[in-house]
Amino acid sequence: MLSVSGAELDTALADLGWAQMLDEMPDTAIPLVFRLLGETGSHASVLNDVMLETIGALPGGTPPMPYAGGSWVVWERTPTTDETLGGLPLRRVPDGETMRLGEARKAVGWWLVGTARAMLALARQHALDRVQFGKPIASFQAIRHRLAETLVAIEGAEATLHLPGDESPDLTAMLAKAAAGKAALTAARHCQQVLGGIGFTAEHDLHRHVQRALVLDGLLGSSKELTRKAGAGLRARGSAPRLAYL
């Protein structure tokens, strides 16, 4: 499942022109790269670049990013043997300052969507391969319902991430990140049920995606935190802006 990650993937993306793509067509580059990170189970420090106004604007190119629980983390771009958070090279730091928070939240949202799709693919394949009572478990209604609910959550999150957010960019980004986080957590819950006992084993790939989803949901505000923050803002405002034209 896991492909090239870390510094090696950073170098490959740089060679492909990641910096230029992010500068010239961010609306295409961010969904493409971050969704693929989730689908392949890889990681790279490209979130740093989205957070910054320009790539490498801070010394060392390692700006601090918020982590759930009120503390901060920094992405380690150099190889390290220290412990990671959910398989990501993130190190806690006392405090920091964020930039381009809305864009970064949407980027993490696309990463969460990719992770959710990876879990759904694993569960779907298992449902097709696993035979009980002489038939694939994919034919059982309970299995179909869990897979369908996961797909609906993912598609809904993607639709939210596609919203332009011209009128309320911060609110749109918060709700998109929250929807993506909920979709990934829904996928983790339902796909674990479909996979059954094998999904708990270290040999199966599911647990890596579940850990990744839990960490990414916490970055830049969890789905619960962002939902509460958005709701508090709307109450204080006394009205809800138009987020989409249907």
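Predicted model: local features only at pLDDT ≥ 70, side-chain atom pairs only at ≥ 80, totals over all residues.

Modeller: Gladly! In α6, the buried residues are Ile143, Leu147, Thr150, Ile154, Ala157, Glu158, Thr160 and Leu161.

Colleague: What puts these residues on the same side of α6?

Modeller: They cover an arc of only 165° around the axis, and therefore they lie on the same side of α6. On the other side of the helix, Gln141, Ala142, Arg144 and Val152 are exposed.

Colleague: What covers the buried residues of α6?

Modeller: The cover includes α3 (26–40), α5 (101–129) and α7 (169–195).

Colleague: How do you know that the reach of α6 is close to the expected one?

Modeller: Helix α6 runs over residues 141–161, which is 21 residues. The expected span is 1.5 Å times one less than the number of residues. For α6 that gives 30 Å, and the helix reaches 30 Å from its first C-alpha to its last.

Colleague: Why is Glu158 called buried?

Modeller: Buried means under 20% relative accessible area. Glu158 has 11% relative accessibility, so Glu158 counts as buried.

Colleague: And what makes the contact of Glu158 and Arg35 a salt bridge?

Modeller: The cut-off is a side-chain nitrogen of Lys or Arg within 4 Å of a carboxyl oxygen of Asp or Glu. For Glu158 and Arg35, the N to O distance is 3.9 Å, and the two side chains meet in a salt bridge. This pair links distant parts of the chain, with Glu158 in helix α6 and Arg35 in helix α3, 123 residues apart.

Colleague: What other salt bridge does Glu158 form?

Modeller: Glu158 also forms a salt bridge with Arg117, and the closest N and O atoms are 3.1 Å apart. Glu158 lies in helix α6 and Arg117 in helix α5, so this pair ties together parts that are 41 residues apart in sequence.

Colleague: Why do you speak of one network for Arg35, Arg117, Glu155 and Glu158?

Modeller: Their salt bridges share partners, and this joins the four residues into one network. The side chains of Glu155 and Arg117 also meet in a salt bridge, at 2.9 Å, N to O. Since Glu155 lies in helix α6 and Arg117 in helix α5, that pair ties together parts 38 residues apart in sequence. A search of the whole structure finds 4 salt bridges.

Colleague: Let us turn to the rings. Why is the pair of Phe133 and Phe140 called tilted?

Modeller: A search of the whole structure finds 3 aromatic pairs. Phe133 and Phe140 form one with 6.5 Å centre to centre and 50° between the planes. Planes under 30 degrees apart count as stacked and over 60 as edge-to-face, with the rest being tilted, so an angle of 50° makes this pair tilted.

Colleague: What is the exposure of these two residues?

Modeller: Phe133 has 79% relative accessibility and so counts as exposed. Phe140 has 24%, which means that Phe140 counts as partly exposed. Elsewhere, Trp18, Phe34 and Trp111 form one aromatic cluster.

Colleague: Which residues have the most contacts inside the largest nonpolar core?

Modeller: They are Trp18, Phe34, Val46 and Val50, in a core of 50 residues. Among the elements that give two or more residues to this core are α1 (7–15), α2 (18–24), α4 (46–51) and α8 (206–218). Helix α5 gives the most, with 12 residues. A second, separate core of 5 residues includes Leu171, Ala178, Leu226 and Ala230.

Technical notes
Residues numbered from 1 in each chain as written. Heavy atoms only, no water. Helix = DSSP H or I, 4+ residues; strand = E, 2+ residues; numbered from the N terminus. Buried < 20%, exposed > 50% of the residue type's maximum accessible area, 1.4 Å probe, protein only. Arc of directions from axis to C-beta. Contact = heavy atoms within 4.5 Å. Phe/Tyr/Trp six-rings, centres within 6.5 Å; stacked < 30°, edge-to-face > 60°. Core = buried A, V, L, I, M, F, W, Y, C linked by side-chain atoms within 4.5 Å.
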